[in-house]
Amino acid sequence: MLLFLQSLLNGLLLGGIYAAYSAGFSLIFGVMGVVNLFHGEMVMLGAFITYFGFTLFGIDPFLTLPFSIVFLFIFGYMVQRLIINRVVESPPMISYILTFGIHLIVAYSALWAWTADFRTVTTSYSGVNANVYGVIIPYARLATFGIALCVVMGLYLFLYRSEMGRAIRATAQDKEIARLKGVNIHHIYAVTFGIGAAITGMAGSLISTYFIIFPQMGLPYTILAFCIVVLGGMGYVPGALWGGLILGVIQSVTATYLNAGLSGALTFILLFVMLIVRPAGIAGKGIIE
Amino acid sequence: MFGIVVAFVLTAGVHGTALAQAKFRIGYAVPLTGTFGRDGNLVKDAYAFWKDLVNAKGGIYVKGKRFPVELIFLDDKSIAAENAKLTERLITKDRVDLILGGFGSDSVFAGSAVAEKYKYPMVSGAASSNKLFERGFKYYFSTLGKATEEVRGCVDIAQILSPRPKTGVILGSDVLFTALACEGYKKYAEQNGIEILHFELFPITLQDYNSMLLKVKQKNPDVLFVGSHLMVAMKMIQAMKEIDFTPKMVTFSYGPTVPDFIKNLGRDAEYVVAASEWAPNLPYKDALFGTAREFNDNYFKKYGRYPDYVEAASAAGVYAMQVAIEKLGIVPPLKQADRVKLMEELHKQDLMTFYGVVKFGPDGANEAHPPVAVQIQNGKLINVFPKEAAEATPWYPMKPWKERQ
């Protein structure tokens, strides 16, 4: 029983990590319809910001979050404003090719600048955990989980309660009408991308304390984010949380009771089944086109 | 007149090429990026170390003359098929005289098949899967032992531990080398009377190890044997700490001997045991590198870090090739007949090097190599097994995470 509880908890915490780095992917897809193939590179950039902040300046990983958020917001804003905006109204294939190109450019530039070395952020509290009635809770993952919840809720409130959020949703629903109403959609797109990038970079900073950092770490994150967002419903931001938690728990329980190899296979089986049976995601609120 | 000028220029060109060819052009494809990028860069450093040493003396000494060495390397991006393609390119397009092995069994497996096809002897110091030696190849040589044998020291060390470990779990990433290392663990665990409670191979792309390790923790084994490369080894330690799992001993087939392991994990790397094929305190020496200790110290002077055993094995491998060339008296540009002779000579060779004896068996594996186990003690790799070569006694059992400072 304890084993099951521990496995379930591991799954939920893992789900929190998944949700943290997938929410931005969902937001960007939901508003612009862009499947961002350099999503994982934004995780990588966030992780490197924390790594350098920690190793060069001795800044605690959690205190590097604002740097990641600001840097990635500017990065996301500029990339959208200067590059993706030019193709955003073209067929989706163009944006796949473009974002894949950016993936290669960012990953290989990072490789050139920082070499292929594997790095870790090892703090005094790395791997430290609480033992609650025999259930082990690693603090860093718990913090990520908490922050992921806040991010998803915050993003939801922002989209539904603020003026900018209203403009973003209006643009997502019908960009022509939004344009007629005086919304500068290119600016809205760039801000949305910036926000998506900022929360993704923040997730990168968070995971750097317990995952390995290297320039080419990005692609698996992009792939998993895609799976999670499909599970939760494409473009429906709270769906990233549901998708992340479900996937986290399934993977964890599979790895504990069956074997770890199967957990990867199950992820993709689940993805196929979802696309066929419930393409709008678990909550049924995703975009189907 | 124009014709004469053209003819003159062409002749000069040909002459120029002939002059430029008066050196040994040696090529290799190796992962410099991707999963094995870090590990592959070590091999590159080792070859460069050898080249600089040889060129400082004017080059390889053949028939009273010295021929400098030029190394041409290409990045296979940790993709095995790419290695085969690049090896073919080195042979057919760049027309190199000789080929060396890269890093990792999958890459070398693919590359060596191309070398065999073109009758290029390939000496590798960074691949050891048994399958490499089961193909009936004549042109493939390895200074490392077979993967299943490489981890022997990590299991045999049980003989000198007290209380003697009785149970173990084997985990490994599902790629050629590490899967075989796991087979080796199993074989030697049986011989040492260690009961294996669980055996599992997992995908190398697995992101989270915590849940997998939970069931291992539940079984409470004395030893956790891990089939690993650097990244898997690092992730395993992080995960063990996160779920608060400390067996009495943890061993890795590869990873902890790469300097990055200690550099990144710091004190969490203490107590870790790893397979090795070489240690600087072993009593070996040769004419080029000097003693094992000198190799170690000079390497540090050049790169600011000590060499991993794979680097020692790679340097020894290319040195073995050099000695064979000098003995045969073949000069560049090499012809196919020269390379056939070189292959035959390598099979006959019985050479003492700083790395130990290099003596290739009929299948190309180094037959003369004792497995070593090292342990990280106070931030340093210490040779702890076999007892005759040990610098210190192994720390055992491993201290629980919560009791460490």
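**Sheet, helix, contact and backbone**

Analyst: In this predicted model, seven strands of chain B make up an open sheet of mixed pairing, and their order is β9-β8-β10-β11-β12-β17-β18. From one strand to the next, the twist averages 25°.

User: Which strands of chain B stand at the edges of this sheet, each with a single partner strand?

Analyst: The sheet is open, and its order runs β9-β8-β10-β11-β12-β17-β18 in chain B. A strand with a single partner has one side left without a neighbour in the sheet, so the edges are held by β9 and β18 (380-385) of chain B.

User: In which sense, parallel or antiparallel, do β11 and β12 of chain B pair?

Analyst: Strands of a sheet can pair either way through backbone hydrogen bonds. Here Thr251(B) has Val273(B) in β12(B) as its bridge partner. Between β11 (residues 249-252) and β12 (residues 273-276) of chain B there are two bridges, and the sense of the pairing is parallel.

User: Which residue in the turn between β1(A) and β2(A) has a positive phi?

Analyst: Strands β1 (residues 129-132) and β2 (residues 135-138) of chain A pair over four bridges in the antiparallel sense, with Asn129(A) opposite Pro138(A). The two strands form a hairpin with two residues between them, and the turn residue whose phi is positive, at about 50°, is Tyr133(A).

User: Why do the buried residues of α6(A) lie on the same side of the helix?

Analyst: In helix α6 (residues 163-173) of chain A, the buried residues are Ala167(A), Ile168(A), Thr171(A) and Ala172(A). What covers them includes α1 (2-32), α5 (139-161), α7 (175-180) and α8 (185-207) of chain A, whereas Glu163(A) and Gln173(A), on the other side of α6(A), are exposed.

User: Which element gives the largest share of the side of chain B that touches chain A?

Analyst: The contact draws 36 residues from chain B and 28 residues from chain A. On the side of chain B, two or more residues come from each of α2 (37-56), β9 (195-202), α8 (210-219), α9 (230-242) and α10 (259-265); by class, this side has 13 nonpolar, 12 polar and 11 charged residues. The largest share, seven residues, comes from α9(B).

User: Where does Pro333(B) lie?

Analyst: Most peptide bonds are trans. The bond that joins Pro332(B) and Pro333(B), however, is cis, with omega at about -5°, and the bond from Tyr396(B) to Pro397(B) is also cis, with omega near -5°. While Pro397(B) is found in the segment after β18 of chain B, Pro333(B) is in the loop between α12 (309-328) and α13 (336-348) of chain B.

User: Where is Asp244(B), whose phi is near 55°?

Analyst: Phi of Asp244(B) is positive although the residue is not glycine. With 17 C-beta neighbours inside 10 Å, Asp244(B) is counted as partly exposed. Its place in chain B is the loop between α9 and β11.

Conventions
Residues numbered from 1 in each chain as written. Chains lettered and ligands numbered in written order. Predicted model: local features only at pLDDT ≥ 70, side-chain atom pairs only at ≥ 80, totals over all residues. Contact = placed C-beta atoms within 7 Å. Nonpolar A, V, L, I, M, F, W, Y, C, P; charged D, E, K, R; others polar. Buried ≥ 20, exposed ≤ 12 C-beta atoms within 10 Å, placed from the backbone. Pairing = 2+ DSSP bridges. Axes fitted to C-alpha atoms, helices over the stretch in contact; angles between N-to-C directions.
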